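Student: Hey, I'm new to this one. Can you walk me through it?
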Amino acid sequence: MMSLRETMRSGREARHSKPWPRRVIDQTGWLRAIREISKGQGDLLSLWSDGAEVHMAILDHESSEIGLVSIECPDGRFPSVSHLHPPAMRLERALQDIYGIAAKGLPDRRPWLDHGRWGVRRPGGNSEASEHFGDAYEFLPAEGAPLHQIPVGPVHAGIIEPGHFRFSANGELVVRLEERLGYVHKGIEQLMVGAPLDRAARLAGRVSGDSTVAYSLAFAQAVESALGVEVPQRAIWLRALMAELERLANHFGDIGAICNDASFSLMHAHCGIMRERLLRAANVCFGHRLMMDKIVPGGVAVDLTGEGYIALLALLRHANKLVPNFVRLYGDTTSLQDRTVGAGILRAELARQYACGGFIGRASGRAFDARRLPGYAPYSDLPFELGASTEGDVDARVWVRFDEIRASLPLIEQILDRLPDGEIRTEIPRPNETREGAALVEGFRGDIFVWVRLDATGAIDRCYLRDPSWFQWPLLEAAIEGNIVADFPLCNKSFNCSYSGQDL
Amino acid sequence: MRKFLFQGLLRGPLTERAQAPDETLLAELGGSLAQASRRRLGRSLSIRQVDAGSCNGCELEIHALNNAFYDLERFGLRFVASPRHADVLLVTGPVTKNMREALERTYAATPDPKWVVAVGDCAFDGGVFADSYACAGAVSKVVPVDLHIRGCPPDPEALLKGLLALVSA
């Protein structure tokens with residue numbers, strides 16, 4: 001029996017795929033790979049298509065190696081991954097919607113992103129015009145006399161993104177939650193096709209606005225890998241600086257919002273102030289509060305000036321003083337703990353099976369961080385603590401986020417201390433042949449996977465961006481089971497999955 | 001917690017002085033705000049935010065309006081949970097086709113008199129997502145828009161100026 005690693009190395013090598021090889025394997029190899037993943041030998045990192053082939057990115061546990069495997073599907077069909085490995089389910093439903101490529105044996109054949117409103121079917125494949133009045137959608141049943149349904153959304157009661165939640169409840173207890181997403185599907189994958197590099201970078205930075213830095217970084221790394229571009233050292237360190245600032249800003253904002261959902265507005269107010277100070281410092285440093293479009297293929301768009309440096313030092317001083325207070329405030333407020341401890345428990349097996357990234361995975365015992373594995377510069381030179389818990393409840397997710405705040409602050413200090421001098425951007429060469437590249441980058445929410453194929457002119461032929469939320473949204477459905485309906489906002493906020501990122 | 005609260009008493013407020021409403025935005029508003037409705041509503045306006053396809057960047061900055069630095073509520077502007085309670089719809093995004101009907105229905109559920117403020121470059125003309133098979137484009141293609149606040153995303157200051165223009169027009 002071939003191991004997962006051997007399977008990932010079988011077949012024919014596709015040319016110019018960096019940093020991880022991509023191999024085109026046959027149906028037997030594909031099925032073997034799925035079986036090994038479903039047995040826990042590896043993580044499914046992503047599943048996507050270019051219209052002709054279906055690709056999988058796999059992390060092999062034994063060797064800690066990442067590999068890409070592809071299967072040709074000339075008749076528009078390939079063996080379903082999700083029939084053995086459910087985490088691929090929504091990805092396969094999306095493939096069906098966008099490319100018309102059918103996964104043979106897919107257990108759930110309902111459309112996912114296609115709500116029947118685009119006026120076109122299969123926009124990425126052999127498309128055809130269609131009605132745009134919306135398809136009926138059948139939710140999964142939950143049967144029994146006392147059950148009732150609560151439909152929520154797509155427009156929610158707050159300043160949040162749209163999505164639909166269908167609760168089946170027994171009194172106050174949630175028996176089943178089913179999510180229906182795709183409302184903010186913007187067709188980014190197809191907009192990418194043929195886009196010049198600068199436009200593509202802007203699109204990548206707008207997949208999920210709260211992770212704009214991480215997306216820009218992942219996209220830039222994928223392009224640079226494909227073209228073999230060496231990025232100046234100073235740019236690499238500035239990128240990490242932006243990434244850590246973004247991580248902090250989101251953690252502060254979300255911890256405040258979680259506490260607010262448990263009616264503890266004091267924390268919300270203080271976290272909101274901290275977040276605002278941070279965004280203002282980012283604006284002084286890089287000229288944009290969210291640092292959008294500041295990481296570009298080849299380097300960074302703006303250099304850190306003396307003024308920015310001083311703003312960051314002031315921010316660090318302030319944060320280092322206040323964070324211990326926040327930790328104490330959260331830890332000592334029993335009425336708050338009463339809501340968060342034991343609510344929305346995500347079991348460790350599920351986190352592992354779904355290769356659930358970020359603080360959600362780490363709060364349920366999955367110690368994965370793309371900054372460590374596969375790892376990228378400058379983090380190999382920068383020691384940092386990884387937050388961890390095995391409790392898996394709302395409380396654990398808050399604590400892991402506090403851990404990450406306490407890790408990011410010294411990271412920023414180190415970066416400022418050791419920031420190398422020199423250029424911040426290098427030329428992007430014209431490839432003159434087709435090239436492929438990929439990257440896995442740790443955003444605040446988890447690992448973002450980007451795959452790109454450039455044509456001979458250096459424009460985008462295909463680009464796929466997989467948000468961490470693909471493997472987190474389904475777990476929210478599991479975590480909420482048995483909780484009361486009134487705790488859903490709290491549990492949902494503690495996950496804080498991206499709608500825009502998964503709808504793409 | 002007691003110490004934390006006590007410290008709050010001793011520190012000065014962080015809330016910043018309001019910006020003057022933006023002149024160009026005031027001009028854009030023009031006649032859309034009839035005097036009669038101004039008198040009926042007073043200065044207090046309830047805002048319902050609708051994400052019609054944004055990347056969530058605009059939402060982050062709209063959220064910031066509630067923090068202590070901007071403190072939107074002191075101007076009589078507050079966010080409400082239902083369109084039925086709202087005077088103003090704050091719409092973001094390049095109106096995805098999957099959200100089009102939801103936006104139309106939210107607009108229909110908002111009682112008259114009402115105003116629509118389109119926030120962000122996507123809401124203005126579809127932004128980077130214009131021309132996608134999945135997007136309808138500008139908010140004004142779907143519901144009548146009274147005011148545009150540009151930016152990607154507009155920062156809280158720009159949002160505040162725009163909203164103040166709305167209440168002082």
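Student: What should I know before we start?
Tutor: This is a predicted model: local features need pLDDT of at least 70, side-chain atom pairs count only at pLDDT 80 or more, and totals for chains, interfaces and linings use all residues. Residues are numbered from 1 along each chain as its sequence is written, while chains are lettered from A and ligands numbered from 1 in the order in which they are written.

Student: Okay, chain B. How many helices and strands does it have?
Tutor: Chain B has seven helices and five strands. Both are DSSP runs numbered from the N terminus: helices are H or I with at least four residues, strands are E with at least two. Along the sequence the pattern reads α-α-α-β-α-β-β-α-β-α-β-α.

Student: And how much of chain B is buried?
Tutor: 49% of its 169 residues. Buried means 20 or more other C-beta atoms within 10 Å of the residue's own, exposed means 12 or fewer, and partly exposed is in between, with C-beta atoms placed from the backbone.

Student: Where does Leu72(B) lie?
Tutor: Leu72(B) is in the loop between α4 (57-64) and β2 (77-79) of chain B. Leu72(B) is buried, with 20 other C-beta atoms within 10 Å. Leaving aside neighbours within four places in sequence, Leu72(B) is in contact with Leu65(B), Asn66(B), Leu77(B) and Arg78(B). In contact means that the C-beta atoms, placed from the backbone, lie within 7 Å.

Student: Which elements of chain B touch chain A?
Tutor: Those giving two or more residues to that side are β1 (45-51), α4 and α5 (97-109) of chain B. α5(B) gives the most, with seven residues. In total, 41 residues of chain B are in contact with 44 residues of chain A.

Student: What classes of residue are on chain B's side?
Tutor: There are 22 nonpolar, 13 polar and six charged residues. Ala, Val, Leu, Ile, Met, Phe, Trp, Tyr, Cys and Pro count as nonpolar, Asp, Glu, Lys and Arg as charged, and the others, Gly among them, as polar.

Student: Over to chain A. At what angle do α7(A) and α8(A) pack?
Tutor: α7 (residues 233-261) and α8 (residues 265-286) of chain A pack at about 160 degrees, with their axes 7 Å apart. That makes α7(A) roughly antiparallel to α8(A). The residues of their contact divide into 15 nonpolar, six polar and one charged. The axes are lines fitted to C-alpha atoms over the stretch in contact, with angles from 0 to 180 degrees between N-to-C directions, and over 145 counts as roughly antiparallel.

Student: What about the sheet with β11(A), in what order do the strands come?
Tutor: The order is β11-β12-β13 in chain A, an open sheet with antiparallel pairing. β11 (147-152) and β13 (173-180) of chain A are at the edges, each with a single partner strand, so one side of each has no neighbour in the sheet. Six bridges join β11(A) to β12 (residues 164-170) of chain A; strands pair if DSSP finds at least two bridges between them. Ile150(A) stands opposite Phe167(A) in β12(A).

Student: Last one: why is α16(A) called largely enclosed?
Tutor: Seven of the eight residues of α16 (residues 488-495) of chain A are buried, so the rest of the structure largely encloses it. Its cover includes α7, α10 (334-340) and α14 (394-418) of chain A. Just after α16(A), Asn496(A) takes a positive phi of about 45 degrees.

Note on methods
Parallel < 35°, antiparallel > 145°, perpendicular 65-115°, else oblique. Contact = placed C-beta atoms within 7 Å.
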